[in-house]
Amino acid sequence: MKNNYKIFIISLGCPKNQVDCEIMANKLISAGFQIAESIEDSDAVLINTCAFIEDAKTEAIENILEVAEYKKAGIISAVIVTGCLTERYQDEVMKEIPEIDAAIGIGADDDIVKVCMKALSGVTTNFFPSKDLLPLSGERTLFTPPHWAYLKLSDGCDNRCSYCAIPGIRGKYRERDMQSIIDEANELVSRGVREIVLVAQDTTKYGYALYGEYKLAALLKELCKIKELRWLRLFYCYPDKVTDELIDTIAAEEKVCSYIDIPLQHCNGEVLRNMHRSGNYNELKELILKMKERIPGLSLRTTLMVGFPGETEKQFEGLCNFVKEMKFDKMGCFKFSPEEDTPAFDMENQIDEDVKIRREEVLMDIQYSVTESANKARVGKVFDAVIDGIDGNNYIGRSYLDAPEIDGGIIISSKEKLSAGDFIKVKITDYNGYDLIGEKV
């Protein structure tokens, strides 16, 4: 079936959003649409937005306004917007940006073909069905390189952190049954995928809704049975759900990368309680040391927040000491963003923006020193690595230490010609900031 329409897709925000985009892209292709390489070459643009914090909302709005200019200039005929921004601001988006032809909620993603056809025929749509209708799975047109892919376990969140708008946007936690995940992983591997990154709002909660117990470790063991799969990687693990079974599984299963992304947000008990999160300095330290002790060569990524309402200089100094002591391999830091409809929005003792900016800079400077020391210690070591692409005369690759898209990598020299997706051995010869430098051996 051909309809001769070309559509350009912009995916903003997290990998979970990207999976949603890949499902929508497949539906559009099945209905005869072509996915355009550029806006200039398209009839319509589909934007899947993020609205987690102020910076994400700003990025989404800037993208929509930029695309709207193409419509005003007559280059494209329609602008379709979905995702977290439209779900969160249902009545406002089209009023504020009238060039939008369709603003739909996440529960309407299944209807994307109908929505796009209506938009291209000049009919506007403002449609927000139940969030529960968001498909958790479906055939996908991958936006990632052929050798790796994201795999979504669940959507929504019940954790209700006081600063976080996600439960209000994405709805209650809901998950896929294990067999559907295994089937999709097998299908991805049959297409040439060798590295799968598991994502959800909270991957460590997997299994609780359908089976009444945490099943992430059991799922990993099943996925490791897939013959051609090389690497499995974990994102978005909640610290109080990192069980001994999960730690032991990561350590024991060769295909599960010794890599865990565990957003901690803070280390101070009082700040964490105000965030509606559990833990304190000593409890989190104990967990991290246990993981490092039991998972050889663990690469640990975290995300921390500065400037949460009431965060004192002393509490911030404690966070700085925590980062120095724990020596995270990777760390992201973001400033508290007061989000309407969250408890932290109008908490007392809001922190001035300039203080937040300073704290973010200080923390990232500390982390840079930690990363530099870790990279220096890796010089002379040999790692298994995957080639992601070519940059000039060098190849860009990663070891298990680095996740695609968000972490650094290895700049690799090789006398042999290599291709994306090749797994090779690399000796580290030097480092440059967050990146390692190595040569194929």
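The structure is a predicted model, and its chain contains 14 helices and 19 strands. With a radius of gyration of 22 Å, close to the 22 Å that the globule rule gives for 441 residues, the chain is as compact as a globular protein of that length. Along its principal axes, the C-alpha trace spans about 60 × 60 × 45 Å.

When contacts with a separation of 6 or more are considered, 74% of them are accounted for by residues 24 or more positions apart.

A pair of helices can now be examined. Two packed helices are described by the angle between their axes and by the distance between those axes. Here the pair is helix α7, residues 178-190, and helix α9, residues 216-223, whose axes come within 10 Å and cross at roughly 35 degrees; the crossing is right-handed. On the α7 side, Met178, Ile181, Ile182 and Ala185 take part, and they meet Ala218, Leu219, Glu222 and Leu223 of α9. Sorted by class, this contact has seven nonpolar residues, no polar ones and one charged residue.

Where does leucine 272 lie? It is placed in helix α11, which covers residues 269-274. Because its relative accessibility is 1%, and buried means under 20%, leucine 272 counts as buried. Apart from its neighbours within four places in sequence, leucine 272 has contacts that include Leu264, His266 and Cys267 as well as Arg277, Ser278, Gly279, Asn280 and Leu284. The C-alpha atom of leucine 272 is separated by 26 Å from that of alanine 217, and these two residues are 55 residues apart along the chain.

Two loop residues complete the tour. Histidine 276, found in the loop between α11 and α12 (281-294), has a positive phi of about 65 degrees although it is not a glycine. Its relative accessible area is 44%, so histidine 276 is partly exposed. Arginine 160, in the loop between β8 (154-155) and α6 (166-170), has a positive phi of about 55 degrees, and it is not a glycine either. Since exposed means over 50%, arginine 160 counts as exposed because its relative accessibility is 53%.

Key
Residues are numbered from 1 along each chain as its sequence is written. This is a predicted model: local features need pLDDT of at least 70, side-chain atom pairs count only at pLDDT 80 or more; totals for chains, interfaces and linings use all residues. Side-chain values use heavy atoms; hydrogens and water are left out. Axes are lines fitted to C-alpha atoms, for helices over the stretch in contact, and angles run from 0 to 180 degrees between N-to-C directions. Helices (H or I, at least four residues) and strands (E, at least two) are DSSP runs, numbered from the N terminus. A crossing is left-handed if the near helix is turned anticlockwise from the far one by less than a right angle, and right-handed if clockwise. Contact means heavy atoms within 4.5 Å. Ala, Val, Leu, Ile, Met, Phe, Trp, Tyr, Cys and Pro count as nonpolar, Asp, Glu, Lys and Arg as charged, and the others, Gly among them, as polar. Buried means under 20% relative accessible area, exposed over 50%, partly exposed in between (1.4 Å probe, protein chains only). The radius of gyration is taken over C-alpha atoms; the globule rule is 2.2 Å times the number of residues to the power 0.38.
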